[in-house]
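Please look over the structure below, then read the briefing that follows. The points are grouped by topic.

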2 protein chains.
Amino acid sequence: MAVVAGPRVTFEPDGRVLVATAGQTLLDATFAAGVPLDSVCGGRGICERCRVVVTHGEVEADDARGGRVGGEVLACLTRIVGDVSIEIPEASRIEGEQILTGMERWDQLLSTPEDVDVAHLPREVSSAAERFADGPLAFALPLDLPPPTLEDCLSDAQRVARELQRQHGLRDVSVPVEVLRAAPVALREAGWNVSAVLARTSVGHELIDIRPGGGPTRAFGVAVDIGTTTVVAHLVDLANGQTLGAAAAVNRQVRFGDDVISRIIHAGEPGGLDQLRTAIVGEINVLVGSLARGHDIERDEIVAVACAGNTTMIHLFLGLPPAEIRREPYIPVATAPPTCHASQVGLRIHPRATVAVMPGVSGWVGGDITADVVACGMDRTPELSMLIDVGTNGETVIGNRDFLVCCACSAGPAFEGGGISAGMRAAGGAIQRVQITQAGALTYETVGSVKPRGICGSGLVDLLAELLRAGYMDRAGRLQPEAPIVRGGPAGPEVLVAAAESTGIGRDITLGGADIENLLRAKGAVYAGAALLARRIGVSMSDIERIYVAGGFGAYLDIRKAMLIGLLPEVPLERVTFIGNGSVAGAKMGLLAKGTRRRAIEVARKMTYRELSVDPGFMEEYVSAMFFPHTDAARFPRACAELGFS
Amino acid sequence: MAVVAGPRVTFEPDGRVLVATAGQTLLDATFAAGVPLDSVCGGRGICERCRVVVTHGEVEADDARGGRVGGEVLACLTRIVGDVSIEIPEASRIEGEQILTGMERWDQLLSTPEDVDVAHLPREVSSAAERFADGPLAFALPLDLPPPTLEDCLSDAQRVARELQRQHGLRDVSVPVEVLRAAPVALREAGWNVSAVLARTSVGHELIDIRPGGGPTRAFGVAVDIGTTTVVAHLVDLANGQTLGAAAAVNRQVRFGDDVISRIIHAGEPGGLDQLRTAIVGEINVLVGSLARGHDIERDEIVAVACAGNTTMIHLFLGLPPAEIRREPYIPVATAPPTCHASQVGLRIHPRATVAVMPGVSGWVGGDITADVVACGMDRTPELSMLIDVGTNGETVIGNRDFLVCCACSAGPAFEGGGISAGMRAAGGAIQRVQITQAGALTYETVGSVKPRGICGSGLVDLLAELLRAGYMDRAGRLQPEAPIVRGGPAGPEVLVAAAESTGIGRDITLGGADIENLLRAKGAVYAGAALLARRIGVSMSDIERIYVAGGFGAYLDIRKAMLIGLLPEVPLERVTFIGNGSVAGAKMGLLAKGTRRRAIEVARKMTYRELSVDPGFMEEYVSAMFFPHTDAARFPRACAELGFS
């Protein structure tokens, strides 16, 4: 039998080899091999993230430019002809990125109930014990069974059911046949002293496993925020509600496009949906696997998962075709999909682990927003609150315990580092704070205090605000060519944030006009959505008693500077709470608290969606917001005063 | 690459070839290849059913006898050395056997409500329409959905749920993620005019499929009796409760042993449980496949299955380890296993078809008996009734609407044709009625009026009764050597039932002393169980107002003759109703009627099991029953008078 073998791609320096198909791009080949090459533009040669060095071998450029950037080629525009060896520069790797997970910020909030910010969070959030008592999605119970006798000769199934009722008051426990298949041996090998692992269902409980008892009962869960750009997972001990660790990674789907629309389009191509589904499921499996290893936990001990994400991400995760979400009348398959078993979705944890998703509102307002709302608790307080989630899709919610109204707008991934030449997620080496000294020098802090590799959201907010404040950038976002840190670049003036020799990537880190344009559009869209929603429901910004800000900026966001650039509406600073990744926080609450899951359903049910993309006022608001901080100085009096704008 | 190839086994005359392993028995090789060779002794060389002709090639005999019977070898005792060609004589084939399914009898009962027998059946049984109205396990409903608009923009899942409630009053419909994955395309391709296929769950309904609508809504179900020896399946139209057809086959597990105990032992061997599980599941798949083809039904249109069987058969079908059933204190994994999806058990019908099993009482009284009880309706009437199920395991139930008590005893498969040299199931060519004329000649009728191939249960009952009546056999079962149809055989006197030239198998059909001994033991065990159970609960046979007889005798059973040989207790003839295969009838009622499923659970709950095998009275009753009709003539006055016994 002849084996059809394609050209070989050797990865330097480790010598790993994969067999590719002639004509395949280097990006496709590396992706197929699971090599984590950065790419956020869908392989169109735009983001220039996937630079690799071809050390030898035959390749073919895919376009006139030859796909060349310096001595490197773009993997997406380079086709394999014969055997090749390549090297992936550090800057192109996404492997090992320590993306900030929001856990630091959130656990800080949770652990400091006297904190000013936390005072505004509902009590439920502030007590892990209380949250847990309310009922996690799954849990383990000790069960010491009397061995059967001729007099007490119930079947194994009936005996377990009887003792669950006698010892724990549980009725209505369904037992899947797979558990029964293993039950007789499990019960007898354990000497009838076992742990019953149970999942809560909408109508009772399901026995998902019987494990040997005798020690402390272990059961773990994972909360996942499935972002368009970033995936964050928290590992939780279901026995006490404690968060053991967190991990984050780039959503591997970014190689099929960096926004929701391009993912939906790709899902409509043959095999596309399955590619997207396995990409995200695979990424979650990697995160969960590394969390489990790091805490000496078997995958089978992870018995519950709660996910939050926008409606499209949830569709792709569950394998639901998202095509109709972008076609009028914009109908998702489901906004509150059913709870599944892990095996139904391909998660490599306990096969019968229960997988729940936070319910969403519509195709454009997903369970991530519901999660934000329950996490910040605006649905339970009388005060009029606004939630702004700055993500690839920007969402705003206004309301209180009596009503909730929301809108969404496509902001792009700029504040998560997408579409920005030096942008990156809030991972190790990301510039997260920036200052321009009176002497005109630029100083920064990086995540992990290592050499800078790029700029994350909070750093971009800081940088824009500092450029404005120093007068190096005007209201329209134009850089002043004569400013000390501004230099002439290939595409016009650019800010030199860090010179090549001081960075961890061997290249200058800069911010150019196109980057600023992208950030201006992103902040404009976010602000326009929030402002128009308030206007449409007849609320002025001064009526809003509290603003919660969620998003993947990093652990840190300078609220004052976010107002200075007009990303956030100007209200008294003490009214604003940055909740970080509210999506994973809400998902975690859903994982742990039955009450939260009920609240999330109630929030999704009562939240009214306003379709602002068809509102003629939107373009007007958006265009007005395309200045720093805004064309209407009256809306940002404090910022304009500070900046000297009138 | 080298291919390791074993010796080739060629089947004559069709030339089919399989690759075997050297040293494998011919039986194992044919079985592995799915060739339906008869065998009921577990490959121990006892039943002598697996005779094949080796036309050429190398084989090796497995024992001193050389496994030779005439010019044939026993496949189970013959090991493959090199390439061989074999021929399977017609008598050794089980392929194509048209085993009677009990449908004729049962449907006759159902269709003739004025029949005397049926008068004693509960009304529910007599009306298919009524049974159906009570709620089948699964059903299809037409659903004409308003297409979504910007104003009516519910998700597909919510739209379906809303319309199921609006149009059919159904709430609490759960939708598995697999259905959601297909929903958007299914709904739109059908122009929003669909059929919703729903299964009833313990707490509501599950949407198992969405199909294009526009025509009559099709949904079918299958009722299955999983007998130790025979498997019977009825195909039912769930839209109207009508039985479309029936099929039966030998339970392929017989090659691992002909009784429950030897199956349990085999299940304990490495891989044994899975062999047994796939054998029975495979057999049901074959039956269902042929029924579906015969009625132009797609496998996917079969959306519900109800099974009845003894506890061990149900364990093996579901893959539950049965080992503890035969170890004190005799604990099954479950007596009322949960409803599954077809995909969980390996049935090749709609993957989400609902598969329910009739609940049983204990390891030794299974859902087949519960099915018998609900089928005959003894649980609903005030009259004191007895049910006797003559199967490989013989069960007796005594009771009425107020109480039910049951026992079980191992009777062996004699009345299903097992362990009888010329025995066979009630299939085409089976001698089902026998008479001995005054002139001493033996006449018979066969199933299908074709040349005889063996004798089935009803024929064996007839034959024994006629031998007794004619005086050719004494009370102890000894044949009179001088009787006209008795001749000397290799193992003593034997009855020549049909001479080789008049049969369809080219061999004499005879009944010898060992056969009679097996039948005597079987009838003795059945009667002893019934008699002792009555005694233990203080009931005399004359108190019993009705006896229902179930079993795989065939379509026909001569009650009078069954009493003459002492198989059934002697009561006035009009008190006895032969219900045939009550197990498949009860399963079918369970398939169609929610009320029956509730009744079956209630019956299983209230039925008390008496363990008679440990009762010292059992051996006493059994030994007394080891005569025709019985040692105690007072119990069979009518029979003894007719036979001239005192």
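This is a predicted model: local features need pLDDT of at least 70, side-chain atom pairs count only at pLDDT 80 or more; totals for chains, interfaces and linings use all residues.

**Cysteines**

B:Cys153 has a relative accessibility of 39% and therefore counts as partly exposed; buried means under 20% relative accessible area, exposed over 50%, and partly exposed in between (1.4 Å probe, protein chains only). Residues are numbered from 1 along each chain as its sequence is written, while chains are lettered from A and ligands numbered from 1 in the order in which they are written.

- Over all chains, the structure holds zero disulfides (a disulfide is a pair of cysteine sulfur atoms within 2.5 Å).
- B:Cys153 is in no disulfide, and the nearest cysteine sulfur, which belongs to A:Cys406, is 12 Å away.
- B:Cys307 is in no disulfide either; the nearest cysteine sulfur is that of B:Cys340, 9.6 Å away.
- With a relative accessibility of 1%, B:Cys307 counts as buried.

**Confidence of the model**

- The mean pLDDT of chain A is 87, and 89% of its residues reach 70 or more (pLDDT is the predictor's confidence in each residue, from 0 to 100).
- Helices (H or I, at least four residues) and strands (E, at least two) are DSSP runs, numbered from the N terminus.
- Over residues 95-133 of chain A the pLDDT is below 50, and this stretch has 87 contacts in the model beyond near neighbours in sequence. Contact means heavy atoms within 4.5 Å.
- The model scores 0.82 for ipTM and 0.82 for pTM.

**How the two chains are arranged**

**The interface**

- Chain A gives 35 residues to the contact, and chain B gives 35 residues.
- Between them, chain A and chain B bury about 2900 Å², 66% of it on carbon and sulfur atoms. Buried area is the accessible area (1.4 Å probe) that two parts lose on being put together, summed over both.
- A:Arg181, A:Ile331 and A:Val333 supply 19% of the area that chain A buries against chain B, more than any other three residues.

**Salt bridges**

- Side chains of opposite charge can pair when their charged atoms come close.
- The structure holds 56 salt bridges over all chains (a salt bridge is a side-chain nitrogen of Lys or Arg within 4 Å of a carboxyl oxygen of Asp or Glu).
- Two salt bridges are found across the interface of chain A and chain B.
- A:Glu324 meets B:Arg188 in a salt bridge at 3.5 Å, N to O.
- B:Glu324 meets A:Arg188 in a salt bridge at 3.5 Å, N to O. B:Glu324 lies in the loop between α10 (311-318) and β15 (340-341) of chain B, and A:Arg188 in helix α7 (residues 177-189) of chain A, so the pair joins two chains.
- B:Glu324 counts as buried at 16% relative accessibility, whereas A:Arg188 counts as partly exposed at 23%.
- B:Glu324 also forms a salt bridge with B:Arg327 (2.6 Å, N to O), and B:Arg327 is partly exposed at 45% relative accessibility.
- Within chain A, the closest N and O atoms of the salt bridge between A:Glu494 and A:Arg487 are 2.9 Å apart. A:Glu494 is buried at 12% relative accessibility, and A:Arg487 is partly exposed at 30%.
- A network of salt bridges links A:Asp152, A:Arg159, A:Arg162, A:Glu163 and A:Arg166.

**A buried serine**

- B:Ser362 is in the loop between β16 (354-357) and α12 (367-376) of chain B.
- At 14% relative accessibility, this serine, B:Ser362, counts as buried.
- Leaving aside neighbours within four places in sequence, B:Ser362 is in contact with B:Thr311, B:Pro332, B:Thr335 and B:Tyr609.

Methods:
Side-chain values use heavy atoms; hydrogens and water are left out.
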